[in-house]
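Have the model open alongside as you read.

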Number of protein chains: 2
Amino acid sequence: MENRNKVFIATSLDGFIADKKGGIEWLDIFPAINQVDTGYGAFMAQIDALLMGRNTFETVCSFDIEWPYDKPVFVLSNTLKQIPQPLQDKAKLVSGPLQKVLEKIHQQGYHRLYIDGGKTIQSFLKEDLIDEMIITTIPFVLGGGIPLFSELPNPLLFECISSQTFLGKIVQSHFVRHRKN
Amino acid sequence: MENRNKVFIATSLDGFIADKKGGIEWLDIFPAINQVDTGYGAFMAQIDALLMGRNTFETVCSFDIEWPYDKPVFVLSNTLKQIPQPLQDKAKLVSGPLQKVLEKIHQQGYHRLYIDGGKTIQSFLKEDLIDEMIITTIPFVLGGGIPLFSELPNPLLFECISSQTFLGKIVQSHFVRHRKN
């Protein structure tokens with residue numbers, strides 16, 4: 001099976017995933033969006049497992065909700081010692097060089113991965129390991145915050161294969177990595 | 001007549017208007033786009049004049065082409081002493097606080113303005129003076145360069161009223177400032 005690493009994330013118009021204080025309340029500026037199918041279900045149906053960074057994992061844990069994933073979650077961290085007891089059947093800790101981490105995950109039968117978390121996505125982009133990105137733009141110009149993208153050794157070319165607006169307010173674009181064959 | 005300040009600009013997927021070396025060749029990665037109507041003509045037909053920064057003005061002057069604008073151009077600069085002789089009937093120098101600059105331009109009958117140039121757009125956003133932005137995303141993650149957006153004192157909310165792809169590669173989104181009435 002082909003290995004694919006995919007991103008599904010929301011950013012501000014100026015490319016931030018969290019504001020200057022680390023907050024994400026601005027993501028909910030148009031609450032009507034919660035009544036709209038923005039493709040998250042269809043995306044999740046097409047992935048085998050999630051790979052996220054420690055920050056994202058801890059953020060999800062901090063939400064006062066049930067564990068939201070029905071697919072295996074791999075938590076990429078070189079500092080976290082163990083997954084908290086109640087989640088040990090939901091999430092597994094992985095560490096080391098990305099290529100090795102991916103090999104181990106693929107060997108377990110998970111090939112289509114949802115890569116989540118700003119730093120994790122940045123690490124993957126640095127090694128040109130992202131194949132697709134579905135980016136939902138919440139049209140705030142925040143003027144500062146935690147950026148989705150960071151410094152890269154080389155530019156990476158994608159193609160925007162589709163784009164749609166929701167509520168006449170929010171835009172979602174689907175980018176696929178353009179690789180020379 | 002209502003005053004409107006509009007932006008029509010291309011950026012990379014990570015929000016840069018020029019690469020790490022200041023280059024813009026990457027804007028032409030998909031040459032077939034030159035055969036496509038991306039709305040520039042329609043946009044220009046709806047503006048009365050351009051207001052651009054010195055950098056943009058000098059970049060346009062450096063292109064080995066005829067003067068490309070058939071509308072009046074105002075060059076915003078506090079350092080430029082005068083417009084070069086051959087362009088003195090095409091472009092006028094303006095300086096001072098933005099609100100005063102705009103007043104003077106409006107008094108001359110130009111109300112719908114094309115605001116161009118990274119620093120100029122940033123100055124306008126800082127004072128919440130941008131009403132619309134048509135942003136064409138060339139799907140390179142450059143990993144560094146000259147950003148379109150910069151630090152802001154307060155977040156600004158827009159709405160994405162429409163979005164379209166060209167060639168299945170490039171995406172253009174139309175953002176309109178969402179102001180409370």
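## A bridge between chains

Lys169(A) pairs up with Glu159(B) in a salt bridge, their closest N and O atoms 3.8 Å apart (a salt bridge being a side-chain nitrogen of Lys or Arg within 4 Å of a carboxyl oxygen of Asp or Glu). This one crosses between chains: Lys169(A) sits in the loop between β10 (156–166) and β11 (170–177) of chain A, and Glu159(B) in strand β10 of chain B (strands are DSSP E runs of at least two residues, helices H or I runs of at least four, numbered from the N terminus). Glu159(B) is buried at 18% relative accessible area, while Lys169(A) is partly exposed at 23% (buried is under 20%, exposed over 50%, partly exposed in between, with a 1.4 Å probe and protein chains only).

This is a predicted model, where local features need pLDDT of at least 70 and side-chain atom pairs pLDDT 80 or more, while totals for chains, interfaces and linings use all residues. Side-chain values use heavy atoms, without hydrogens or water, residues count from 1 along each chain as its sequence is written, and chains are lettered from A and ligands numbered from 1 in written order.

## Bridges within a chain

Over all chains there are 20 salt bridges. In chain B, Asp128(B) and Arg177(B) meet at 2.8 Å, N to O. That pair links distant parts of the chain, 49 residues apart.

Glu58(B) and Arg54(B) form another, at 3.3 Å. They're about one helical turn apart, because 4 residues separate them in helix α2 of chain B.
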